[in-house]
Amino acid sequence: MAKEFKVPSRKQPIWKPIKKVLEFFGWRNIKVELLTDKIEEKSIIVSNHSAKKGPMGCEIALPVFNVKWGAHEMLGNYRSRWNYLVNVFYTQKQKMKPLKAKFKATFEAIFSKRIYTGMKFIGTYPDGRVKITIRNSIKVLEDNKAILVFPEDSNEGYFDVMTSFFPGFVMLSEQYYKIHGEDLPIYPMYYHHKSKRIIVDKPVYVQELIKQGMNRKEIAAHFCSLVNNLYFKYIENK
């Protein structure tokens, strides 16, 4: 029987020592630049992943409590985490040599689940089980907490300019609207690790895009362009 999902608490004691270690190694003074008045607590945020750096940087600096989407394998047992790190994250996406990937994963898989728990991740799936992700995310939103999604297609690696977004976050917005009649704000965001900057754009609303005739894939592509534009305008030319 599947374990009942509980909305992550605002108190994450396990994250405090992890944050201190990260800050010691340079993860501090990340500047958040809002192009909007504020980030609503009940909202969806879509951002580039920047490999491991995006989720960690956002957890340290983003001024709104958020629950993140992440690969379900990283919330599984040791073997599940090890296989994902070796075969997908390091070898496929990071183009790392297999021997080095296995060496890194062997140690990382020991403590990675605790980090994922402290950073408040919801497991995502590439198949019909995405319904679980949607259902759990709706519970988070109903509890007036934000959902942070990294929807880029990273099968070939992580890049400053992304090629496409998976539309799962659009499905979440649609389902929440269907249940509650509320069109949630979705904030395009860009994280740039080298310059230690997070740029958050004004919110966009899915129902307004649907009224313009856009389908789910087109809406996802639109958000991909909005996030990339933040890079072009505020990062690349600075």
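1. A charge counts as sitting over a ring if NZ of Lys or CZ of Arg is within 6 Å of the ring centre and within 35 degrees of the ring normal. With that in hand, look at Arg79: its charged end sits over the ring of Trp82, 5.1 Å from the ring's centre. Keep in mind as you go through these notes that this is a predicted model.

2. There's another case of this kind at Lys120, which lies over the face of Phe65, at 5.0 Å from the ring centre. You'll find Lys120 in the loop between α4 (98–118) and β4 (121–124). Is Lys120 buried or exposed? With a relative accessibility of 4%, Lys120 counts as buried, because the cut-off for buried is under 20%. Its backbone is worth a look too: phi of Lys120 is near 65°, a positive value in a residue other than glycine.

3. Asn29 also has a positive phi without being a glycine, with a value near 60°. This one sits in the loop that runs between α1 (15–24) and β1 (31–34). Asn29 is exposed, at a relative accessible area of 66%, whereas Lys120 is buried.

4. Now for strand β6, residues 186–192. How many of its residues are buried? Seven of its seven, so the strand is mostly covered. In a regular strand, side chains alternate between the two faces of the sheet. Here Ile186, Pro188, Tyr190 and His192 point one way from β6, while Tyr187, Met189 and Tyr191 point the other way. Both sets are buried.

5. Who are the neighbours of β6? Strand β2 (residues 44–47) pairs with β6 in the parallel sense, over four bridges. Strand β7 (residues 197–200) pairs with β6 in the antiparallel sense, also over four bridges. Met189 is a handy landmark for both pairings: Met189 is the bridge partner of Ser47, and Met189 stands opposite Val200 in β7.

6. The hairpin of β6 and β7 has four residues between the strands. Within this hairpin, check Lys196, which takes a positive phi near 55°.

7. On to the aromatics. How many aromatic pairs does a search of the whole structure find? Eight. One of them joins Phe103 and Phe107: the ring centres are 5.3 Å apart and the planes meet at 65°, so the pair is edge-to-face. The cut-off behind that label is planes over 60 degrees apart. Both residues lie in helix α4, four residues apart, which is about one turn of the helix. As for cover, Phe103 is exposed with a relative accessible area of 55%, and Phe107 counts as partly exposed at 48% relative accessibility.

8. Phe165 and Phe169 make another edge-to-face pair, with ring centres 6.3 Å apart and planes at 85°. Are these two phenylalanines buried or exposed? Phe165 counts as buried at 7% relative accessibility, and Phe169 counts as buried at 0%. If you're browsing the rings in the viewer, also pick out Phe89, Tyr90 and Tyr158, which ring pairs link into a cluster.

9. What about disulfides? A disulfide is a covalent bond between the sulfur atoms of two cysteines. The structure holds zero of them. Cys58 is in no disulfide, and the nearest cysteine sulfur, that of Cys224, is 16 Å away. Why does that rule out a bond between them? Because a disulfide calls for sulfur atoms within 2.5 Å. Cys58 is buried, with a relative accessible area of 0%. Cys224, likewise in no disulfide, counts as buried at 4% relative accessibility.

10. Last, a residue in helix α8 (residues 216–236): Asn229. Its relative accessibility is 40%, so Asn229 counts as partly exposed, in between the cut-offs of under 20% for buried and over 50% for exposed. If you want a distance to check in the viewer, take the C-alpha atoms of Asn229 and Thr91, which are separated by 29 Å. Along the chain, these two residues are 138 residues apart.

Notes
Residues numbered from 1 in each chain as written. Predicted model: local features only at pLDDT ≥ 70, side-chain atom pairs only at ≥ 80, totals over all residues. Heavy atoms only, no water. Helix = DSSP H or I, 4+ residues; strand = E, 2+ residues; numbered from the N terminus. Buried < 20%, exposed > 50% of the residue type's maximum accessible area, 1.4 Å probe, protein only. Pairing = 2+ DSSP bridges. Phe/Tyr/Trp six-rings, centres within 6.5 Å; stacked < 30°, edge-to-face > 60°.
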